[in-house]
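Please follow how two parts of one chain meet, beginning with a single pair of side chains and widening the view from there.

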Protein chains: 2
Amino acid sequence: MKGEAAKLNETRDRFVAQWGVMGTQWGINRTMAQIHALLMTNPEPMSTDEVMEELHISRGNAHTNLKELVNWGLLRIVTRKGERKEYFEAELDVWEIFRRIVKERKRRELDPALDLLEDCMTESKGMTTAGGRAFHEQMKSLEEFVHFASKMSDRVGSMPHGKTMKLALKLFG
Amino acid sequence: MKGEAAKLNETRDRFVAQWGVMGTQWGINRTMAQIHALLMTNPEPMSTDEVMEELHISRGNAHTNLKELVNWGLLRIVTRKGERKEYFEAELDVWEIFRRIVKERKRRELDPALDLLEDCMTESKGMTTAGGRAFHEQMKSLEEFVHFASKMSDRVGSMPHGKTMKLALKLFG
DNA sequence: CATCTCTTTCAGTAATTATCGAAACTTCAA
DNA sequence: TTGAAGTTTCGATAATTACTGAAAGAGATG
């Protein structure tokens, strides 16, 4: 009969491994997703060396991805008194995780698209041929939509948890 | 002085090229995003050969990505009477584009995560150690959130065009 | 049933992205 | 200072993903 501790380890390992696989499908790299999963399910903050050992990865890889997760706001750096080493702990609140991801993705995905669309709209403004006008209209529709999505992201990012959920339910419930 | 047609071509080429670059940042490949941009801004449906020529890509590449876009529901295959060749035309309605993307991403990203989380929840149910309980709670929180997101996606997918957008715009200004 | 037109597949190659491992750098304390 | 402990960088390599080009397949038509 398997002990609870053993079963927990096993389940957790599976979670970490699979979360990594999924990460690759969401466009983030495997290691980053694995580290995130590892830290979300570790009761204590972990050091770079502990992460390296747990996932069997190199120091460079661990370092790069830990720092990237800190940039995303998904991990915090913590220190222990009297120690120089840095430890990392995960944000555990799911709404907060969601907000950080929304914010980062907006910055990376929506903002550049908006710039491009605005530019194409301006360039094609006042065109008189059928093709030119159709192009302008399409750019305008896309711009309006992305602009809308962008605004929504901002709102989500600056809204207290419960409220966001209520609003979402109101819109879609 | 540049003619309107020349300027349109130039702007459109820039749109296609940049949309491609952005595609890579959204986790879809450059060619797929470029083809999508090309067809969204082409007044007529295009054949595989026309796409190949316009983007300077191979037949295999064009074929694969056209079919992938059809799978996503972002392109339709159309035929001309008396011709055997297939032509492709883009869905132009932004709300419809959004719905197709949401639906596809839910299937690829949310559903597998849900399976994993449900499984981890079940496995850790009833654990008694502090670590086991914490793990179970974290899995539960994540599961609840992803489940909620999944439901939201379904709602979006079955909502009439424009209606939600208008309501949301009203609420968000 | 031979051939023409168009579509699909796929093995090989190119391009991109992730990872390693070691060296360089930084900081602190003896 | 010097060295120990820890962090960061980076060139080389591995792994993954995208693309090509050619060949095979699938219908239609005479």
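In this predicted model, the side chains of E68(A) and R108(A) meet in a salt bridge at 3.1 Å, N to O, the term standing for a side-chain nitrogen of Lys or Arg within 4 Å of a carboxyl oxygen of Asp or Glu. Between domain 1 of chain A and domain 2 of chain A the count is one salt bridge, and there are also two residue pairs in polar contact, both at pLDDT 80 or more (N or O atoms within 3.5 Å, where one must be able to donate a hydrogen and the other to accept it, and residues adjacent in sequence count only if both atoms are side-chain atoms). On the side of domain 1 of chain A that touches domain 2 of chain A, the largest share, three residues, comes from helix α4 (residues 59-72) of chain A, helices being DSSP runs of H or I with at least four residues.

The domains themselves span 4-90 for domain 1 and 94-172 for domain 2 of chain A, with bounds from an automatic or database domain assignment, and their C-alpha centres lie 32 Å apart. Seven residues of domain 1 of chain A are in contact with six residues of domain 2 of chain A (heavy atoms within 4.5 Å). The area buried between domain 1 and domain 2 of chain A is about 580 Å², 63% of it from carbon and sulfur atoms (accessible area, 1.4 Å probe, that two parts lose on being put together, summed over both). Of the area that domain 1 of chain A buries against domain 2 of chain A, W72(A), G73(A) and L74(A) supply 70%, more than any other three residues.

Residues are numbered from 1 along each chain as its sequence is written, and chains are lettered from A and ligands numbered from 1 in the order in which they are written. Local features need pLDDT of at least 70, side-chain atom pairs count only at pLDDT 80 or more, and totals for chains, interfaces and linings use all residues, while side-chain values use heavy atoms, with hydrogens and water left out.

Notes. Helices (H or I, at least four residues) and strands (E, at least two) are DSSP runs, numbered from the N terminus.
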